[in-house]
Protein chains: 2
Amino acid sequence: MGRVRRMPRQADIARVAGVSQATVSVVLGGNRTGVRLSEQTRLRVLEAAERLGYVPDPVAKRLASSRNNLLGLYTFTPAFPVDVADSYYPILAGVEAEAAALGKDLIMFTASSAVPDRIRRTRLADGCLFLGRHVPVDGIADLLAAGFPIVYIGRRTELGGRIPHVGADYVSASAEVITRLARAGHTRVRYLREPDDAPSSGDRERGVRAAAADVGASLVVTRTDGPDLDAASVRRWLADGVTALVVEETDTGAVFHATWRALGEAGISVPGDVSLAVLGRPPEGTPGPVISGFEVPRRALGRAAVRLLASLVEPGAGEPSLHRLLTCPPVVGETIATVA
Amino acid sequence: MGRVRRMPRQADIARVAGVSQATVSVVLGGNRTGVRLSEQTRLRVLEAAERLGYVPDPVAKRLASSRNNLLGLYTFTPAFPVDVADSYYPILAGVEAEAAALGKDLIMFTASSAVPDRIRRTRLADGCLFLGRHVPVDGIADLLAAGFPIVYIGRRTELGGRIPHVGADYVSASAEVITRLARAGHTRVRYLREPDDAPSSGDRERGVRAAAADVGASLVVTRTDGPDLDAASVRRWLADGVTALVVEETDTGAVFHATWRALGEAGISVPGDVSLAVLGRPPEGTPGPVISGFEVPRRALGRAAVRLLASLVEPGAGEPSLHRLLTCPPVVGETIATVA
DNA sequence: TCAATGGAGTAATACGTATTAGTACGGTCG
DNA sequence: CGACCGTACTAATACGTATTACTCCATTGA
């Protein structure tokens, strides 16, 4: 009674039903290969399996057939970060929801500098999502070369653009923000962005520059990660004739926070004295007016990435496009004023 | 160049190094079984492995050795719920942090009514955590019988208490709240709890009842899930001489929300007109004063559960205790007034 | 009566690694 | 000079399932 009972396997079913293990495998596999089987045998096998409470061993299944219904999720920071407002959160929620909808399980890998080969462990899954600003080029290249299906969440240009990804169309969305400002009469704009060179930053800048050129607005770009932004800087910009600030959205919200604080300290009212737009949304829980900008469809990103990965794992049904950009719906907000 | 290159396996290394696959396995496994090997052979094998970029196949490894460095996490609701304030969140963060610290990967299973046998898939991992109010008794019993290591997060009484778990000591913490109220002079207490019968609810009630009996306080228990709570109920209680309300904390915070709303509608001030304590913490983001109660050490729960599971997976080092309760630190708060 | 046909199921093998029993060989000792 | 021993490996097998080529048997047709 107290003994450890092994889980039943196909061989046990075979013994009970008086057939071979191969027959059991065929029956339970739905006989997709067209082996001749009598209905009675089929039923006997099914009944025995039922009685023994058989459940296939996923490991063996995977070893034998190279398919597992398992999708990997590789993150470079903890997937459950301590600060709940983390911007990855909705993406992960989307990933999980879609994976559940497709009947796939999710296996999570967190990068660890202590274990450099961690990335290869992803091969336990049928395919793997990658989430994070960073790209470990060597590891990814190996996986790609081995034909292992991967999908990056976020646009990626590394490895000659051969990395499948699902990203947000920051270029268009950022351009639209500038256009919106121009329509409101803003032609002198200060643009604050991260020093970091990630595609998501670069895309925003390209969109901003292109639109500024298009509408004939003057644009000055400042690279900052926040701390050096103070009331004096902001006052100087306004003195120079700037009427609108455009701030990049980042993981941490550092740049936005710094800007908002500097504006407060300088006693500058928004949008009374200056208009403000975020290339995205301000960090969760920021008090004050609804900031103008655009929505990053994070949840949809997660879902779309899972769908793409699933289609890569499941061959056939035509080669899906390996790159996909989702549009970011504009947020009107209350921080863009019309100027003469 | 574009060809799909297979990952190298031990057999490939063996060919290159001029030895057998078995030898490769022994060398790469650190020769823990004490096979005699010459140093030169060892180096040749290691060098070949290095040159070929060998990485062990985790699936085969698991099949052969029944150990995988993989811990399962089974949840009955999505692990990344849409409402970020979810109370499971810190638990999951703790689970992930500790798993990462131990070098284990995490595989997530979300219960799905569509796939009833989902629970057995947990066997892909070396062991599995369960998180949720619900216990699928049959599935769990099977896993236990098969000797599969599992740990519930939250105290569990099902199956004769044989389910290993890590929980919070709600009994003591709840008792302490009543004691605190009594010390402040409150002897007529109304206790609001969920209709649902989960151990976490029952434990709180036992603690509350025991302490009330101990200090000689009169106690009336109301089971509610919120909607039927209105201003009139609250007024009636006060009219009956009640000076303190004690509210159970739940996943959704429904009972607390309803109580808080009813108090507001009735124009009753806290703690001026009535004292209020939560058996836990109110939902994240609730405005108003700091509610008295206790902290549920969720993050620590997650960590402790992972540690227990890891010790179950890793046999030896003595049998660990299968049940563990963490203490809940009291939160003084501002909602308990002293009465004459 | 023999070949051809078709139905029912199985033997064999692959997947990649871990483990254990065993082999081959050279040297030493009595 | 054979028994014995230590060294350095390897053959064989297990893990549990999927796949495919094959066998065996009963009919049918000429």
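A word on the model: it is predicted, with local features needing pLDDT of at least 70 and side-chain atom pairs counting only at pLDDT 80 or more, while totals for chains, interfaces and linings use all residues. Residues are numbered from 1 along each chain as its sequence is written, and chains are lettered from A and ligands numbered from 1 in the order in which they are written.

Now for the interface. Here 38 residues of chain B are in contact with 40 residues of chain A, contact being C-beta atoms, placed from the backbone, within 7 Å. On the chain B side, the elements giving two or more residues include helix 5 (88-101), strand 2 (105-110) and helix 7 (137-145). That side divides into 25 nonpolar, 4 polar and 9 charged residues. Because 97% of the interface residues of chain B are also interface residues in chain A, the copies meet through the same surface.

Strand 2 of chain A and strand 2 of chain B pair in the antiparallel sense over 3 bridges (pairing takes at least two DSSP bridges). There, Met108(A) stands opposite Leu106(B).

Finally, the DNA. Of the 29 residues around DNA strand D, Arg9(A), Ala60(A), Ala64(A), Ala22(B) and Thr23(B) come nearest.

Note on methods: Two residues are in contact if their C-beta atoms, placed from the backbone, lie within 7 Å. Helices (H or I, at least four residues) and strands (E, at least two) are DSSP runs, numbered from the N terminus. Ala, Val, Leu, Ile, Met, Phe, Trp, Tyr, Cys and Pro count as nonpolar, Asp, Glu, Lys and Arg as charged, and the others, Gly among them, as polar. A residue is near a molecule or strand if its C-beta atom, placed from the backbone, lies within 6 Å of it.
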